[in-house]
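Please read the following report alongside the sequence and the structure shown here.

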Amino acid sequence: MQNRGNLLLTKIFQKKYQEALAIIKGIEIPMEFCPDKKTCLVFYEKAGLTYRGIGQYETALFNYNKAIQLAYELNNIFF
C-alpha cells in the first residue's frame with residue numbers, strides 16, 4: 001500500500017486526477033478489509049482529494065467523512 005499511496009499522492013499533486021482515480025479503484029476494495037486504521041485514514045483522505053479534483057463532490061465528501069471518522073477513532077483529529 002505504501003508504494004501505491006506515494007504514487008497516488010504524486011498523481012494528485014500533478015493534478016492527474018484520472019490516473020489517481022485508477023489507482024484508487026485498484027485499491028479501494030482491499031481498503032475495506034484493511035485492519036490498519038491509519039492506512040485507511042490516509043487512503044480516504046487522498047480519495048477525497050481525487051474526487052474533489054474531478055468534480056465528484058458528494059463522493060469526495062463521503063471519503064473525507066470516513067477519514068474524519070477514522071481520525072476520531074485514532075484520537076488524531078489533527079491528522
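Predicted model: local features only at pLDDT ≥ 70, side-chain atom pairs only at ≥ 80, totals over all residues.

When neighbours within four places in sequence are left aside, the contacts of Leu-21 are with Thr-50, Tyr-51 and Ile-54. The C-alpha atom of Leu-21 is also separated by 9.9 Å from that of Gly-53, a residue 32 places away along the chain.

## Packing of H2 and H3

Helix H2, which covers residues 17-32, packs with helix H3, residues 37-53, at an angle of about 145 degrees, and the two axes are 10 Å apart. The crossing in which H2 passes H3 is left-handed.

On the H2 side, the residues that meet H3 include Tyr-17, Leu-21, Ile-24 and Met-31, and among their counterparts in H3 are Phe-43, Ala-47, Thr-50 and Tyr-51. Sorted by type, the residues of this contact comprise 11 nonpolar, three polar and three charged.

## Asn-63 in helix H4

Asn-63 belongs to helix H4, which spans residues 57-73, and with a relative accessibility of 5% this asparagine is counted as buried. A polar atom of the Asn-63 side chain lies 2.8 Å from the backbone oxygen of Thr-59.

Beyond neighbours within four places in sequence, Asn-63 is in contact with Tyr-44, Ala-47, Gly-48 and Tyr-51. Of these residues, Ala-47 and Tyr-51 are also listed among the H3 residues that meet H2, and Tyr-51 is likewise a contact of Leu-21.

Conventions
Residues numbered from 1 in each chain as written. Heavy atoms only, no water. Axes fitted to C-alpha atoms, helices over the stretch in contact; angles between N-to-C directions. Helix = DSSP H or I, 4+ residues; strand = E, 2+ residues; numbered from the N terminus. Left-handed = near helix turned anticlockwise from the far one by under 90°. Contact = heavy atoms within 4.5 Å. Nonpolar A, V, L, I, M, F, W, Y, C, P; charged D, E, K, R; others polar. Buried < 20%, exposed > 50% of the residue type's maximum accessible area, 1.4 Å probe, protein only. Polar contact = N/O pair within 3.5 Å; in protein donor to acceptor, adjacent residues only side chain to side chain.
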